Amino acid sequence: MEFKEKIAEYVGHGVEQENIVLGNGSIELIYAITEVLPNPFKAVIPVPSFSEYEKAAIRVGGEVVFVQLPEDFSLNIEKIKKAVTDDTKIMCICNPHSPSGTLYSKESLLDLVEFCQKKNIIFSVDENYIEFV
């Protein structure tokens with residue numbers, strides 16, 4: 001069995017192996033996603049967060065829109081949605097949150113996924129450390 005097929009089985013939820021992109025670490029994939037976005041574009045990033053999301057967007061001419069997280073690092077879904085404009089092409093979330101380790105609920109993430117689907121926005125969820133939770 002191919003590696004992508006095994007990953008698709010592990011992830012489940014109807015994810016097909018052709019929807020899986022492999023890379024040499026998460027940073028390579030973060031940069032690869034932004035390289036295919038049309039310019040100009042905006043990236044919505046709740047902060048504080050992993051700095052590579054911002055660097056990847058800026059590197060290819062994107063504009064970053066930061067959404068300040070509250071002190072408990074929870075996702076303010078409505079505030080994040082309000083930051084989206086017609087130029088928004090990607091939203092970057094890390095789960096568990098970096099640097100706090102806060103784990104976001106499946107419902108919160110799916111709410112943002114559905115919102116992004118309707119707006120034709122890439123929803124990039126970085127779950128690099130999910131296995132530690």
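## Close-up views of a predicted model

Of the 133 residues of the chain, 35% count as buried, and the legends below describe a predicted model.

**View 1. The whole chain and its order of elements.** The secondary structure of the chain comes to 5 helices and 4 strands, which, read from the N terminus on, follow the order α-α-β-α-β-α-β-α-β. The radius of gyration is 15 Å, close to the 14 Å that the globule rule gives for 133 residues, so the chain is as compact as a globular protein of that length. Taken along the principal axes, the box filled by the C-alpha atoms is roughly 40 × 35 × 25 Å.

**View 2. Strand β3 and its two partners.** Here β3 (88-94) is seen with strand β1 (residues 42-47), with which it pairs in the parallel sense over 3 bridges, and with strand β4 (residues 122-126), with which it pairs, again in the parallel sense, over 5 bridges. Val44 stands opposite Met91 in β3, while Ile93 stands opposite Val125 in β4. Between β3 and β4 the chain passes through α5, and this β-α-β crossover is right-handed. Because 6 of the 7 residues of β3 are buried, this strand is largely enclosed by the rest of the structure.

**View 3. The largest nonpolar core.** In soluble globular proteins, nonpolar side chains tend to be buried together. The largest nonpolar core of this model has 18 residues, and those with the most contacts inside it are Val44, Leu75, Ile80, Met91, Ile93, Leu112 and Phe123. Two or more residues come from each of the elements β2 (63-68), α4 (77-82), β3 (88-94) and α5 (106-119), and of these α5 gives the most, with 4 residues.

**View 4. Leu75 and the residues it touches.** When residues up to four places away in sequence are not counted, Leu75 touches Leu69, Ile80, Ile93, Tyr104, Ser108, Leu109 and Leu112.

View 5. Which residues does the second, separate core include? Among its 15 residues are Phe41, Ile45, Ala56 and Ala57.

Conventions
Residues are numbered from 1 along each chain as its sequence is written. This is a predicted model: local features need pLDDT of at least 70, side-chain atom pairs count only at pLDDT 80 or more; totals for chains, interfaces and linings use all residues. Side-chain values use heavy atoms; hydrogens and water are left out. A nonpolar core is a set of buried Ala, Val, Leu, Ile, Met, Phe, Trp, Tyr and Cys residues joined through side-chain atoms within 4.5 Å. Buried means under 20% relative accessible area, exposed over 50%, partly exposed in between (1.4 Å probe, protein chains only). Contact means heavy atoms within 4.5 Å. Two strands pair if DSSP finds at least two bridges between them. A crossover is right-handed if, with the strands pointing away from the viewer, the path from the first strand over the helix to the second runs clockwise. The radius of gyration is taken over C-alpha atoms; the globule rule is 2.2 Å times the number of residues to the power 0.38.
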